[in-house]
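Thanks for sending this one over. Let's go through it together, one question at a time.

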Amino acid sequence: MGNQNYKIFWQEALNQLRQEYKAAGEEDVFELWFRMDYVEDDANIIKVSVPSEFMRNQMESKGCFDQISKKLSLLTGQSEIKIETQITNSQISSVSDAEQTPEPFKNSDKAASSSEKSEKADSSKPHHPQLLERYTFDTFVSGDNNNFAYSAALAAAKKPGKAYNPLLLYGGVGLGKTHLMQSIGNYIYEHSDSKLKICCVPAENFLNEFTDSLKNNTPNKFKNKYRNLDVLLLDDIHFLQGKESLQEETFHTFNALNERGAQMVFTCDRPINELKGIEDRLKTRFSSGVCIDMQPPGYEVRCAIIKKKLDILEKNIEEDVIDFIAKNIQLNVRDLEAAIKTVVGYQDLIGKKVTVDIAKDILKDTISNATGNSVSMETILKVIADIENTSIADIKGKKRNKKIAETRHIAIYIARELLEYSYPELGNEFGGRDHSTILSAYNNIADRIKTDPSFDSRIKGIINAIKDYKKI
């Protein structure tokens, strides 16, 4: 059993924080997010228990542990006191090691069916480092909107290089393209010789590797890696737009793999013929096999997706709440998953079932984002130009006076936050700027937000104006 040398300091730190929150009229906030009980201490480590994993993640994201640590440092004179947490009646876990992954379901081991779990338990083969274990055909919910995509993907997985090759899956965000692509990879990996070369890579990472090979004068190493694969899973090929050297390399890689009879799978956010800045010969090769448009799921499929995700999480929510979510979130499976996570987390927090009325309240932002006007780069630039009393041309242009530069940095930051654009893609949108320039601009605004509350409010106001913007 450990000691309790710091317990009196812990209690005083909490008491001081309670008084500060009370003085600010936020005592209820303190009571909600500082629900942690002192367990023991050992050297410079204090161990506390919290009600649930959801609570622990929320406490960390809200900075609760940091606030206590600062108080303890002032009270004890010790600058390196570390707080470790455990779920009530659970194992100790360091908050510094807590994963803050934004993905909806971090417990990927629960994503496998019971048969898959037992199969993997008997196998000595480690999981593929580039593939997520939760992405399998068993965890994918198929329906009228994606039956063809599901069947084609399964056929490609069962007979790689022979059926549906190359396979191109395209459609909007959050419709399961990456899920099916990685399901193919996982299936082939599980049912093949361990010497089979499988590579799953986002197009942005593909570019980074290619660039590094040129910088380090190792182009042959890059070519040998990608031109000798048995399976290539290349995600988000729309990222190749405007990158001529990378397209040239992709063209030759495609030809080499095609001659080998390797299985190739690609994903894209739109039909190939709508891509700009892609060579026709490469478009032809991407679309030379089977191209499948993935559509948003219908109501029945959305209900099935919700129930499947709940099974994976080993949780339950009321049927009328499932109905409410399915009717109000229609276009994006990721939004469905986010809603499920919110409802389940809230239930764990309050210890009782969520009703439809509660769901309406806690999901209002998710539903608003899912059903409201989609935000585009055009909207972002127009609203910012109007608010900052400048022009879109100036924001994208070369002017460097203080006001224009700040406005440009704000636009880059907000575009990165609201759109799924990489830094190189943003560079193309903002006058062909280098990705390192874009990264620097983004970090500049992010740092100011952290240290300047008034600037933070200004940015939030602009974001709200963009989300509320309606085209006439």
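Q: Is Asn217 buried, partly exposed or exposed, and at what relative accessibility?
A: This is a predicted model, in which local features need pLDDT of at least 70, side-chain atom pairs count only at pLDDT 80 or more, and totals for chains, interfaces and linings use all residues. Residues are numbered from 1 along each chain as its sequence is written, and side-chain values use heavy atoms, with hydrogens and water left out. Buried means under 20% relative accessible area, exposed over 50%, and partly exposed in between, with a 1.4 Å probe and protein chains only. Asn217 therefore counts as exposed, at 66%.

Q: What is the phi of Asn217 near, and where is the residue placed?
A: Most residues other than glycine have a negative phi. Asn217 has a positive phi, near 60 degrees. Its place is in the loop between α8 and α9, where helices (H or I, at least four residues) and strands (E, at least two) are DSSP runs numbered from the N terminus.

Q: In which loop is Asp236 found?
A: Asp236 is not a glycine, yet has a positive phi of about 65 degrees. At 31% relative accessibility, Asp236 counts as partly exposed. The loop is the one between β7 and α10.

Q: Which peptide bond is cis, with omega near -5 degrees?
A: Most peptide bonds are trans. The bond runs from Asn165 to Pro166.

Q: How many residues of the lining of the largest cavity come from α10?
A: On a 1 Å grid over the protein atoms alone, a cavity is a set of points where a 1.4 Å probe fits but cannot get out, a pocket is an open set with protein on both sides within 12 Å along at least five of seven lines, and lining residues have an atom within 4 Å of a point. The largest cavity is lined by Leu232, Leu234, Thr250, Thr253, Phe254, Met264, Phe266 and Phe286. Two or more lining residues come from each of β7 (231–235), α10 (244–260) and β8 (263–268). α10 gives the most, and its number is three.

Q: About how much space lies in the largest cavity?
A: The search of the whole structure finds one cavity of 30 Å³ or more. Its lining has six nonpolar, two polar and no charged residues, where Ala, Val, Leu, Ile, Met, Phe, Trp, Tyr, Cys and Pro count as nonpolar, Asp, Glu, Lys and Arg as charged, and the others, Gly among them, as polar. Grid points are joined across faces, edges and corners, and a volume is the space filled by probe spheres set on the points. For the largest cavity this comes to about 30 Å³.

Q: Which element gives the most to the lining of the second largest pocket?
A: This pocket holds about 380 Å³ of space, and of its 15 lining residues, Leu207, Lys243, Pro424, Asp434 and His435 lie nearest its centre. By class the lining has three nonpolar, six polar and six charged residues. At least two lining residues come from each of α8 (203–215) and α20 (423–429). The most, six residues, come from α8.

Q: How many residues apart in sequence are the parts tied together by Glu337 and Lys309?
A: The side chains of Glu337 and Lys309 meet in a salt bridge at 2.9 Å, N to O. Glu337 lies in helix α14 (residues 333–350) and Lys309 in helix α12 (residues 299–313), so the pair ties together parts that are apart in sequence by 28 residues.

Q: How many salt bridges does the structure hold?
A: Some are linked in a network, made up of Glu388, Lys403, Glu406, Arg448 and Arg458. For the whole structure, the number is 21.

Terms used. A salt bridge is a side-chain nitrogen of Lys or Arg within 4 Å of a carboxyl oxygen of Asp or Glu.
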